Amino acid sequence: MTTTPTGNSRHSSLSLAAGVLTGILALYIALVALGNITDFGTNQQFVRHVLAMDTTFKDDNLMWRAITSKGLQDTAYVAIIVWETVAAVVLIWGTYLWARRHTDLARRISTYGLLMLLLLFGAGFIAIGGEWFSMWQSKTWNGLEAATRIIVLTGVALVVNLLPARPQQEAAS
């Protein structure tokens with residue numbers, strides 16, 4: 001936050017950028033979670049196919065990794081939805097704190113939410129889904145491009161979020 005010569009406080013451009021980026025990702029993951037809750041079956045099929053590895057090259061050296069139990073597949077999907085929902089709540093809270101100009105707390109809470117997205121899309125979708133379950137081999141059930149887009153946007157938001165603020169300058173008298 002900076003002070004104008006008239007004494008009015010306003011957001012610094014860095015805080016504003018961090019708040020906007022946090023808000024965009026909060027909106028995104030909230031809509032993803034809502035979509036997965038209200039249209040459970042669509043992405044349930046995605047998770048089932050990725051875990052079953054039924055659209056991969058079916059290499060015998062890799063197929064032992066497949067999870068074909070619908071119960072385990074659905075448990076993984078519900079865990080993803082819960083993670084998305086919690087991340088959305090954390091990022092909404094962070095956005096609220098940025099708007100209220102609680103910079104230190106906003107930075108900390110937003111960082112938690114952004115790290116949750118990096119874990120979900122980086123560790124969950126790219127590393128586990130993409131490599132362990134060979135999602136990259138599937139022409140039909142491949143979410144690597146979408147996950148990469150979110151990783152990039154989240155990474156940018158995290159960097160902006162963690163940039164040190166300039167020391168407050170004295171108002172010109």
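**Exercise 1.** Determine whether Ala 30 is buried, partly exposed or exposed.

*Solution.* Ala 30 has a relative accessible area of 25%. Buried means under 20%, exposed over 50% and partly exposed in between, with a 1.4 Å probe and protein chains only. Ala 30 is therefore partly exposed.

The model is predicted: local features need pLDDT of at least 70, side-chain atom pairs count only at pLDDT 80 or more, and totals for chains, interfaces and linings use all residues. Residues are numbered from 1 along each chain as its sequence is written, and side-chain values use heavy atoms, leaving out hydrogens and water.

**Exercise 2.** Locate Ala 30 and find its contacts beyond four places in sequence.

*Solution.* Ala 30 belongs to helix α1, residues 13-38; helices (H or I, at least four residues) are DSSP runs, numbered from the N terminus. Contact means heavy atoms within 4.5 Å. Leaving aside neighbours within four places in sequence, Ala 30 is in contact with Ala 88 and Ile 92. Ala 87 is 57 residues away in sequence, yet its C-alpha is 8.2 Å from that of Ala 30.

**Exercise 3.** Check the span of α1.

*Solution.* The expected span is 1.5 Å times one less than the number of residues.

**Exercise 4.** Identify which helices the buried residues of α1 pack against.

*Solution.* The buried residues of α1 include Leu 25, Ala 26 and Ile 29. The buried residues of this helix pack against α2 (40-52), α3 (70-99), α4 (103-132) and α5 (144-162). Leu 91 has contacts with Leu 25, Ala 26 and Ile 29, among others.

Methods. Helix = DSSP H or I, 4+ residues; strand = E, 2+ residues; numbered from the N terminus.
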